[in-house]
Amino acid sequence: MACTIDHLRPDHAVRVICDFTDARGKLHRAGETGIIRQMGLDTTEREIWIDWEQTGASSRLHFSLGSTSGPRNGHMREYFELGGNEPSAEPPPSPPPPPPPPKSARAHAAREPLPAETRLGEVAVACDCDPALHRAVLIEYAGVNACMRCGTVTCSRVIGDDGRHTGNAWHAYVSVAVPPTVLDWLAPWPRVAARPHLSTRWPTIAGLERRDLIYLPADARCETAEALAALEADCRARRQRPGFPKAEPPDDLPRQMAGFAQFWAALQLTPQSDLAQVMALAQLQSAGSAIAVEHLLHRADAFDVMVTALSSPDPTWQSAGIAMAWESRPVDPRLADVLIDIMSRLPLAARPDGSGRITQYGRFEDLFVVIAELKLATPEMIAALKNLQRRLVRLDVDLVSAITSVLRELHGEPPTQPRGPWLP
Ligand SMILES: [Zn+2]
């Protein structure tokens, strides 16, 4: 699943605006810049990781999900700003334009792979159309983008100067060379646009945000951005899902594009598929999660499978269980009692790192999101949450306030702190 954390997303330049020390003790100073390549969640370590490049060198930042200070989910804006703007009231200087793409790069059609390292400037697709007509192919931030006007498909990665020596940060796309067989396999997948819903919930991890994915057929064409917006609005209203290609992924699919293979694998699931394989595809971090979850929810024993997954000690199964519960409709009347039982069995032990959180807070938060999303407002659930809240008062104030949010949602009361959507 493509990951965004607050305003941060892959392939964007960022500037540190407040000193911080990451979970490995590495100090970073305000003014440092870099380009985010990848982000994700390590469910075992319960850490957010961010791979970024500084003056061409890659390194990984680690942030504990248990931390109540420093960069963390819901607070990244306090530490990072996007782009090369100076963190001051002065008008920011314009970053130097990246080298213009050679005109010859623009002439390539979808099925003619660009030479490697062709500079594309600030647009992800090697065509001259309005970049507002460019859309990701199947998965956001997976390095494959297409033009809805001329049909060009371009595989790319991002380069840039982090501004350490020049004072200005910029980023630009450069083509990634893929064999023609790979481009032929990627090109027919639908194009995608994500529309997050307004959220008033406390910060949750990517994957547990309600959003609509709008898929457009690969051969849909629009002359203008307005026509594309109208087409997307229409597809969104009709909840239309286009056909997906059936061909097996090529062996030489680059690792950067592994999400496409996950998505394809999820589409191949059958009632005979090995349950462990289905669970691996259904977990929230998988690009095939939604498809695998749909498959699981169609099983005759879907409820039992979901309960087994939610109760499992295995983080992959837990994640798949949460993904299933999040999508399960109509809500099984037994689910509230199952979740009460699971919460009652989770230990309330403080983390040894002095973070003021309990070891199992992540599991509680995932369960709270499901309880709020499914509006499991039974009297027993309300009583269980209030009881849990009392037991957590001296152990984890963040969970105490998350429970306050859940109870307000369950009672249909407005949130105390309205929050905007995750994406700008
Ligand atoms: Zn175009």
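Two ground rules. Residues are numbered from 1 along each chain as its sequence is written. Because the model is predicted, local features need pLDDT of at least 70 and side-chain atom pairs count only at pLDDT 80 or more, while totals for chains, interfaces and linings use all residues.

A word on terms. Helices (H or I, at least four residues) and strands (E, at least two) are DSSP runs, numbered from the N terminus. Two strands pair if DSSP finds at least two bridges between them.

Start with the seven-stranded sheet. It is open, and its order is β8-β12-β11-β10-β9-β13-β14. Pairing is antiparallel. Neighbouring strands are turned by 45° against each other on average, direction ignored. For angles, axes are lines fitted to C-alpha atoms, for helices over the stretch in contact, and values run from 0 to 180 degrees between N-to-C directions.

β13 (residues 191-196) pairs with β14 over six bridges, in the antiparallel sense. V192 stands opposite Y215 in β14. Helix α2 (residues 225-238) packs on this sheet and touches β13 and β14. Its direction makes about 115° with that of β14. Contact between residues means C-beta atoms, placed from the backbone, within 7 Å.

Next, the five-stranded sheet. This one is open too, in the order β6-β5-β4-β1-β7, with antiparallel pairing. The edge strands are β6 (57-64) and β7 (80-82). Twist averages 40° from one strand to the next. Inside, β4 (residues 33-42) and β5 (residues 47-54) run antiparallel, joined by seven bridges. I35 has E53 in β5 as its bridge partner.

Last, two helix pairs. Take α9 (residues 361-373) and α11 (residues 397-410). Their axes come within 10 Å and cross at roughly 10°. So α9 is roughly parallel to α11; the cut-offs are under 35 degrees for roughly parallel, over 145 for roughly antiparallel, 65 to 115 for roughly perpendicular, and oblique for the rest. From α9, the contact includes F364 and F368; from α11, it includes L399 and V406. The contact residues divide into 10 nonpolar, no polar and two charged. Nonpolar means Ala, Val, Leu, Ile, Met, Phe, Trp, Tyr, Cys and Pro; charged means Asp, Glu, Lys and Arg; the others, Gly among them, are polar.

Then α5 (residues 289-297) and α7 (residues 315-327). They pack at about 75°, axes 10 Å apart. That makes α5 roughly perpendicular to α7. S289, V293, L296 and L297 meet A323, M324 and E327.

Technical notes
Contact = placed C-beta atoms within 7 Å.
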